[in-house]
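User: I'd like to go through this model and see what stands behind a few of the labels. Can you walk me through it?

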Amino acid sequence: MIALIQCVSEASVTVEQQCRGKIGNGLLVLLGVEQGDSREKALKLAEKVINYRVFTDERGKTNLNVTQVGGSLLVVSQFTLCAHTDKGLRPCYAQAALPEEANFLYQYFIHCCRDRGIQVETGEFAADMQVSLVNSGPMTFWLQV
């Protein structure tokens, strides 16, 4: 399971010209679910995302997590994170989980985050989405479990 997280001052996701999710300060989480991922991996990744210290403290050091800064999450499914790109000129998605399994684990990841008191907004699984963000820093991290 993969999460590409970006510190944002704001982010939103639109489907068919309607805003489905919007946050201010927090993390945009692009989530990729691979074959063989499990509830245990989703929980572990949710804990890592929530506790990952990527926000700056009063001394300018990255010592604070999203909870400590009162931030939110915008979680967007993104199977393309699972692409293999080492051969040829076209990505291979053979490692991506099948849609039913991926949606279940995407929803479970969201549940795990909400269960820990984090405000979570989402996109729409398997939809054509437009994501807008203002990346703070810029700060972008690839997390994988």
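User: Why does Y93 count as partly exposed?

Analyst: Keep in mind that this is a predicted model. The relative accessibility of Y93 is 34%. Buried would need under 20% and exposed over 50%, so Y93 falls in between and counts as partly exposed.

User: Where does Y93 lie, and what does it touch?

Analyst: Y93 lies in the loop between β6 and α2. Leaving out residues up to four places away in sequence, Y93 touches F79, T80 and A83. Contact here takes heavy atoms within 4.5 Å.

User: What puts the buried residues of α1 on the same side?

Analyst: In α1, A42, L45, A46, V49 and I50 are buried. They cover an arc of only 130 degrees around the axis, which puts them on the same side of α1. E40 and K44, on the other side of α1, are exposed.

User: What do the buried residues of α1 pack against?

Analyst: Their partners are β1, β3, β6, α2 and β8.

User: How do you know that the span of α1 is close to the expected one?

Analyst: From first C-alpha to last, α1 reaches 18 Å, and at 1.5 Å a residue 18 Å is expected for its 13 residues.

User: What kinds of residue make up the lining of the largest pocket?

Analyst: The lining divides into 10 nonpolar, 4 polar and no charged residues. Of the 14 lining residues, S77, Q78, F79, F125 and A126 lie nearest the centre of the pocket. Its volume is about 260 Å³, and β3 and α2 each supply at least two residues of the lining.

How values were computed:
Residues are numbered from 1 along each chain as its sequence is written. This is a predicted model: local features need pLDDT of at least 70, side-chain atom pairs count only at pLDDT 80 or more; totals for chains, interfaces and linings use all residues. Side-chain values use heavy atoms; hydrogens and water are left out. Helices (H or I, at least four residues) and strands (E, at least two) are DSSP runs, numbered from the N terminus. The expected span of a helix is 1.5 Å times one less than its number of residues. Buried means under 20% relative accessible area, exposed over 50%, partly exposed in between (1.4 Å probe, protein chains only). The arc is that of the directions from the helix axis to the C-beta atoms. On a 1 Å grid over the protein atoms alone, a cavity is a set of points where a 1.4 Å probe fits but cannot get out, and a pocket is an open set with protein on both sides within 12 Å along at least five of seven lines; lining residues have an atom within 4 Å of a point. Grid points are joined across faces, edges and corners, and a volume is the space filled by probe spheres set on the points. Ala, Val, Leu, Ile, Met, Phe, Trp, Tyr, Cys and Pro count as nonpolar, Asp, Glu, Lys and Arg as charged, and the others, Gly among them, as polar.
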